[in-house]
Amino acid sequence: MPQNDTEQIIIGCKRGDEACFARLIEIYGNRCFGYFFRLTGNKTISEDLLSELFVKLVEKISTYRGGSLDGWVFAMASNIFHDHLRFKQRQTRLLDEHSRRLKMQPMTTEGDGPGDVDKMQAALEKLDDDVRELIMMRYYSQLSFKEISQQRHEPIGTTLSKVHRGLKMLRELME
Amino acid sequence: MNDSTKENLKELLAGFMDSDAAGRAVQDIERGDRLLRDFPAPKPSQNVIAGIKLQMAAASRRQHHATVQHRIWAAVGVAAAIVLASVASLKLPEQKSAEQTAGQYAVVIPDRVWDGSDTTSDITVLSAELDSLEKEITSTSVDETGDNSNLNVGELEMELIETGGNLWKG
């Protein structure tokens, strides 16, 4: 996206221009939904997270101080996903506790049904959580390895190695 | 979806491995990317997108309202600070002159009266002070006459009676 376009969108969003918000959804809606979906494997949760992300974007747009808009949006998306993970972990603990008390089997909190889980999703779920997130971040955010490694505060060699290993394994799982 | 033209992968990987290994790694990454493109994730429904647009508009209005409110409160705060500063600057000279006057009187008034809050006892103390001062003045004036300095009270009385008698005789 040309830098000029980005600036215009940001200025418009800061002014509260609804057309600029709509443009932001056009640019990031599908990409961020794909990112959330590939990480959660659940359409409903992904829609909720997407909605949470865009509301947060409106609230935080005044704090955007230039730089890569892709990086800024996906850093926020990553934070929202991690918040969701923490919430899910708490919920799972509570459910485990509850089921232990009632001597029941633990309930699953995710998954809209078997039809929603495609071959790719099944393969992705076999990857390490961190590697899966990294591959999805790179694919959907379109950030460079350098930008991703900076965002994750890890050496670029580590990022490269994780992505390479992860994608190789994903291909093996899909074959 | 990934924009691989952004960076030269082979060059980047060559910094960490030999040229052949870097070439193979680039192929692995490109195949993985192709696989992700071939199995795209679903897209959000148009209803969801429409709902998000409404939520964004509402959030924007809330944000705008909060900003306006914040600015109003900031302006009120500044105005209040200015008013307080003006009042303080007007009151300060008055207070200073009052303090100075009180200070001047404080030198004359005895400490126990100055410190006390009981008005009746203050007046009693002041009266006692005045009486003692009167006595001192009287005794001093008697002493100052010189001629009478060696006379006792009886002789003084006799002299007064004699003076009184002479006055009436003319």
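Tutor: Let's start at Phe36(A): skipping neighbours within four places in sequence, Phe36(A) is in contact with Ser46(A), Leu49(A), Leu50(A) and Phe81(A). Contact here is a C-beta call, with the two atoms, placed from the backbone, within 7 Å. Before going on, a word on provenance: this is a predicted model, where local features need pLDDT of at least 70, side-chain atom pairs count only at pLDDT 80 or more, and totals for chains, interfaces and linings use all residues. Residues are numbered from 1 along each chain as its sequence is written, while chains are lettered from A and ligands numbered from 1 in the order in which they are written.

Back to Phe36(A): along with Cys32(A) and Leu50(A), Phe36(A) touches the most other members of the largest nonpolar core, which has 45 residues. Such a core is a set of buried Ala, Val, Leu, Ile, Met, Phe, Trp, Tyr and Cys residues joined through C-beta atoms within 7 Å. Buried means 20 or more other C-beta atoms within 10 Å of a residue's own; 12 or fewer is exposed, anything between is partly exposed, and the C-beta atoms are placed from the backbone. Helix 2 (residues 18–40) of chain A gives this core its largest share, nine residues. At least three core residues come from each of domain 1 (1–115) and domain 2 (118–175) of chain A, with the bounds taken from an automatic or database domain assignment.

Helix 4 (residues 69–102) has 34 residues and spans 49 Å from first C-alpha to last, close to the 50 Å expected at 1.5 Å a residue; the expected span is 1.5 Å times one less than the number of residues.

Zooming out, chain A has eight helices and zero strands, these being DSSP runs numbered from the N terminus (helices H or I, at least four residues; strands E, at least two). Of its 175 residues, 31% are buried.

What about the other chain? The contact takes 37 residues from chain A and 33 residues from chain B. Helix 2 of chain A turns up again, supplying the largest share of the side of chain A that touches chain B, ten residues. Chain B itself has six helices and zero strands, and 8% of its 170 residues count as buried.
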